[in-house]
Amino acid sequence: MAQGSVVKEQKYDRQLRLWGDHGQEALESAHVCLVNATATGTEILKNLVLPGIGSFTIVDGNVVSGEDVGNNFFLHKGSIGKSRAQTSMELLQELNEDVTGNYVAENPDQLLDNDPSFFCKFTLVIATQLSESTLLRLAETLWSSNIPLLVCRAYGFVGYMRIIVREHTVIESHPDNALEDLRLDQPFSELREHLQLYDLNHMERKDHSHTPWIIVVAKYLGTWHKENAGQIPKSYKEKEAFRDFIRQGILKNENGVPEDEENFEEAVKNVNTALNTTKVPSNVEDIFIDERCKNITQQSSDFWILARAVKEFTACEGKGNLPLRGTIPDMIADSDKFIKLQNVYREKAKNDASTVENYVSKLLQSVGRPPESISEKDIRLFCRNCAFLRIVRCRSLEEEYGVDTAKKDDIVSFMENPDNEIVFYLMMRAVDRFHKQHGRYPGVYNYQVDSDFGKLKTCLNSFLQEYGLSLSVKDDYIQEFCRYGAAEPHTIASFLGGAAAQEAIKIITKQFVIFNNTFIYNAMLQTSATFQL
Amino acid sequence: MAVTGALRTELAEAVSSCRVLVVGAGGIGCELLKNLLLTGFSNLDVIDLDTIDVSNLNRQFLFQKKHVGRSKAQESVLQFCPGASITAYHDSIMNVEYDVEFFRKFTLVMNALDNRAARNHVNRMCLAADVPLIESGTAGYLGQVTVIKKGVTECYECQPKPTQKTFPGCTIRNTPSEPIHCIVWAKYLFNQLFGEEDADQEVSPDTADPEASWEPTEAAQRANASNEYGDIKRVSTKQWAKSTGYDPVKLFNKLFKDDIRYLLTMDKLWRKRKAPVPLDWASLHNSEKDSTEQNNASSVGLKDQHVLDVAGYAQLFSQSVETLRDQLSEKRDSAELVWDKDDPPAMDFVTSAANLRMYIFSMNMKSRFDIKSMAGNIIPAIATTNAVISGLIVLEGLKILSGNIEQCRTIIKEKFGMVAPDVQIEDGKGTILISSEAGETEANNNRKLSDFGIRNGTRLQADDFLQDYTLLINVLQSEELEKDVEFEVVGDAPEKAPQKPLEEGAKGITNGSDDGAQPSTSTAPEQDDVLIVDSDEESPSSSSDVSMETVTLKRKLPDEEAVSNKRKRMEPSAEQEDDIIALD
């Protein structure tokens with residue numbers, strides 16, 4: 001966001017509030033490839049072009065048909081017979097002058113034959129409406145070069161998405177109900193020193209009622225600690241008792257009536273969260289024991305080097321705790337007291353991050369990378385978020401499709417409810433088989449709907465048999481899929497376009513957590529489900 | 001068209017012949033128009049009062065930079081789908097000419113609005129005209145779609161919505177205690193100085209504050225304490241400001257020194273509160289040099305997200321006053337400026353004035369970015385959520401047209417969840433059933449509810465301290481539950497616990513409305529009643545304490561107590577069940 005950043009800041013104001021300027025930067029340096037400019041495909045791209053993705057390339061060997069014009073906003077009557085890649089690219093680019101559009105009017109199969117490395121230059125590849133064999137080839141190419149692939153499909157009133165990525169690491173997972181990192185159960189020495197400055201029993205009334213609640217809780221906890229053999233309140237009863245203990249500290253006026261001290265009320269209200277035990281969350285422990293954290297090599301990504309550095313910190317200086325987050329919530333207090341307390345946390349977090357930085361430099365040196373190749377800013381961001389790190393590892397498409405590696409037991413157990421969304425997955429596999437055998441999808445023309453029913457059922461059964469899946473699918477679903485005739489209703493494309501673009505933004509910005517690995521949407525009942533296939 | 005494959009013939013005909021009103025051509029509206037036309041709807045009316053702003057362009061794809069300033073309604077329909085008949089109105093739907101007769105002309109009404117007043121209005125008109133309404137809204141990653149049909153579903157106003165937070169005048173004028181109070185004050189001040197004066201938006205100290213309750217003898221003292229003030233008071237703030245030629249220094253000293261000194265004389269106000277500290281332009285500028293200790297952590301990131309120091313805001317205040325004065329004088333006589341969060345000088349003015357006041361009242365100052373959120377009631381809006389929601393609106397529309405109104409669902413993207421519940425019996429003794437502390441109540445897991453004296457009608461209180469969320473559970477007894485169903489929740493499951501305001505501010509769903517002064521996240525914890533009908537069938541207790549339901553409710557009442565208690569439904573559960581669609 002170098003030049004024209006003011007205009008951009010204005011234009012992207014609303015979304016910067018969600019993913020921040022570094023998220024926006026990641027978006028603006030991304031290059032996304034769309035395979036096939038179907039209605040779903042262009043809807044996804046629209047939702048990436050509007051927020052300002054860096055560039056996109058459309059790969060599509062088809063020419064625009066009348067049917068395309070009927071459900072695709074980015075194609076019009078005048079473009080019938082022209083390259084679908086080119087026309088849709090031109091209209092999509094009109095949406096945002098900051099975005100660069102490219103197109104390749106070739107079939108993906110041709111590209112995979114002649115230049116498979118073509119697909120390996122993208123940040124992310126999104127594929128729609130590919131035949132099973134092409135999809136498997138594309139997936140294999142991208143899997144081996146570690147490029148994420150997002151497969152999307154609107155089939156009648158059913159939506160399908162599959163994310164295929166070996167490993168996706170998330171620093172900013174934006175948890176919904178994150179607890180503050182206050183360390184009141186194990187106050188660090190700087191906090192203990194700061195607490196010494198306060199003597200709640202000998203204070204002016206004004207100061208007493210403007211003391212931050214964190215200090216109030218910490219002070220009373222110290223006393224409790226002494227009186228209860230070094231324990232902190234753990235059970236509900238003890239916590240209630242501790243609350244009463246704090247309440248008794250509220251100043252009373254000359255008539256013995258407690259004063260209105262909002263900071264004490266805040267303290268009482270926050271007892272439960274503030275007393276949360278400080279420990280390394282299990283998701284982070286899993287990361288610490290991961291092989292990739294243990295073996296740092298030249299190939300290790302910044303994420304793993306940082307994770308390893310934090311692990312070393314935790315084991316050593318942190319005495320079992322992660323680097324301090326360094327933020328405290330807003331609270332009732334006067335500015336002076338608040339800022340001093342805030343600085344205690346901030347300084348400690350800064351020091352922790354510098355210690356981590358030393359580990360990072362050492363690790364970088366050990367693999368022959370310059371010590372400054374991970375910036376201080378990134379180290380701080382990582383430390384601030386280290387309690388929320390997430391890793392998503394998806395299975396490859398090859399594993400999902402392999403007769404020996406498919407998740408057969410899971411599928412059978414999901415199908416104990418014959419209306420489970422997994423039935424749509426089975427039906428899509430069946431229509432793909434139909435397509436392979438007959439060179440077309442079932443029920444594309446109305447007169448075929450009835451005659452294709454039996455054929456589709458045969459395809460379904462042969463699929464189930466091949467995989468040894470002993471289950472039955474209701475005829476209604478087979479009938480319904482024949483009726484769809486592989487139509488791609490625009491409104492389903494719109495829904496899927498929004499949902500898929502959101503996942504794409506998560507993959508690109510590495511913020512928030514992507515689903516793993518299959519998402520199915522049933523538009524008839526407005527239900528959806530995710531599966532690990 | 002391609003969709004006929006998926007739509008049954010009768011439905012396809014209904015789609016192409018019916019007339020639909022789309023209210024709003026903003027984020028959802030743009031998507032919705034596109035979806036309707038490409039689904040085969042060809043008879044549309046669209047109405048929107050707004051003109052296009054730069055900050056719309058990240059999602060409202062029917063508009064481009066060259067359209068900024070033009071009518072949303074008219075611009076949105078110009079370009080595409082020449083075959084369809086679309087009527088555009090650049091107007092407010094709340095205008096009287098859009099009466100019940102007008103609404104009756106439509107088969108369906110779809111709301112794509114951003115404020116509650118208009119939503120309420122359209123809701124009432126649709127009920128009066130008996131036309132089905134599809135209501136929708138988005139906020140960040142969240143969104144919702146609801147079908148409203150007279151006599152069949154709840155209407156938009158059946159459930160009370162958190163109302164716009166209003167603040168008592170004296171809080172704004174005399175005793176602000178939260179940043180939002182200072183921001184509201186600064187917006188009022190803008191209007192008092194440059195915009196339309198409004199008696200309800202007074203910014204000077206309020207001498208009628210009941211809390212201040214003056215003693216007559218002290219009045220003279222006070223009058224002496226602020227001589228200058230006495231002169232100013234007789235004329236309006238605007239007249240006075242004009243008479244000084246909008247001199248930034250004079251304005252500054254009046255607002256942030258003299259007015260504050262005057263407030264200090266109302267000493268009753270400050271007995272329990274921390275008293276404000278007046279600022280002085282001259283001394284502020286002398287000490288400017290040693291105010292080098294900037295907020296160290298905020299040296300990276302966007303300019304908007306930095307918090308300046310006091311001197312910086314004093315400077316910004318003075319600059320913005322001068323800019324606004326020039327803007328005002330460029331207009332003809334008696335013309336006024338209108339506050340707009342997307343107008344940089346106006347936003348600078350509110351940022352600086354609000355921050356100076358926050359400083360005076362010992363609050364932590366806020367960045368321009370945060371103040372914009374709060375002052376403009378900004379709800380983060382992105383293309384993806386709008387796309388999802390408008391897809392859903394059309395699907396609901398199709399269901400209505402195919403005559404399946406009972407199939408329509410209220411779709412919300414997230415529901416409630418308890419993170420770490422503590423459950424106690426409301427028996428006066430506070431017997432604890434479940435504790436958030438691991439291990440503390442494990443012994444209870446194999447006991448029956450009756451062992452705790454829980455029977456039909458017992459009230460349980462579940463507290464989730466992590467979320468500051470309390471749920472009252474009335475246990476009812478039933479013998480008629482289906483097999484394997486161990487309990488049933490009657491009545492509405494409450495919405496998710498109000499989230500604590502996060503550092504970044506606004507999160508949480510507010511139906512895309514921008515009429516709440518604060519995001520609904522900051523509302524006080526509400527108490528929701530949930531009724532649970534319990535079956536008397538014995539079942540093995542689960543050992544986990546993951547969720548409230550699995551633990552509490554698997555402990556069953558023994559048979560003898562069940563005899564007299566047939567299933568009682570205390571509350572009809574007439575509403576459709578909420579479906580959860582997890583989109584992220």
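Me: Why is A:K506 called buried?
Reply: Its relative accessible area is 4%, and buried means under 20%, with exposed set at over 50% and partly exposed in between (1.4 Å probe, protein chains only). The value of 4% is under that limit, so A:K506 counts as buried. A word on the source: this is a predicted model, in which local features need pLDDT of at least 70, side-chain atom pairs count only at pLDDT 80 or more, and totals for chains, interfaces and linings use all residues. Residues are numbered from 1 along each chain as its sequence is written, chains are lettered from A and ligands numbered from 1 in the order in which they are written, and side-chain values use heavy atoms, with hydrogens and water left out.

Me: What makes the contact of A:K506 with A:E503 a salt bridge?
Reply: A salt bridge is a side-chain nitrogen of Lys or Arg within 4 Å of a carboxyl oxygen of Asp or Glu. The closest N and O atoms of A:K506 and A:E503 are 2.9 Å apart, so the pair meets the cut-off. A:E503 is buried as well, with a relative accessible area of 0%.

Me: Where do A:K506 and A:E503 sit in the chain?
Reply: Both lie in helix α24 (residues 490–509) of chain A, 3 residues apart, about one turn of the helix. Helices here are DSSP runs of H or I, at least four residues long, strands are runs of E of at least two, and numbering starts at the N terminus. An α-helix has 3.6 residues a turn, so residues three or four places apart point the same way.

Me: Which residues touch the most other members of the largest nonpolar core?
Reply: Among them are A:L48, A:F119, A:L426 and B:F41, in a core of 152 residues. A nonpolar core is a set of buried Ala, Val, Leu, Ile, Met, Phe, Trp, Tyr and Cys residues joined through side-chain atoms within 4.5 Å. A:L48 touches residues including A:V32, A:I126 and A:I505, not counting those up to four places away in sequence; contact means heavy atoms within 4.5 Å. A second, separate core of 54 residues includes B:L193, B:A275, B:L284 and B:Y313. In soluble globular proteins, nonpolar side chains tend to be buried together.

Me: What puts the buried residues of α1(B) on the same side?
Reply: The buried residues of helix α1 (residues 9–17) of chain B are B:L11, B:A12 and B:V15. They cover an arc of only 100 degrees around the axis, which puts them on the same side of α1(B); the arc is that of the directions from the helix axis to the C-beta atoms. They pack against α2 (27–39) and α16 (383–401) of chain B. The face turned away from the buried side carries the exposed residues B:T9, B:E10, B:E13 and B:S17.

Me: Is B:C170 buried or partly exposed?
Reply: B:C170 has a relative accessible area of 22%, which lies between the limits, so B:C170 is partly exposed. The residue lies in helix α6 (residues 169–173) of chain B. An unreviewed UniProt entry annotates B:C170 as "active site"; such annotations may be inferred rather than shown by experiment.

Me: Why does A:D432 count as buried?
Reply: Its relative accessibility is 9%, under the limit for buried, so the label applies. A:D432 is found in helix α21 (residues 422–438) of chain A and touches A:E132, A:R153 and A:Y441, leaving aside residues up to four places away in sequence.
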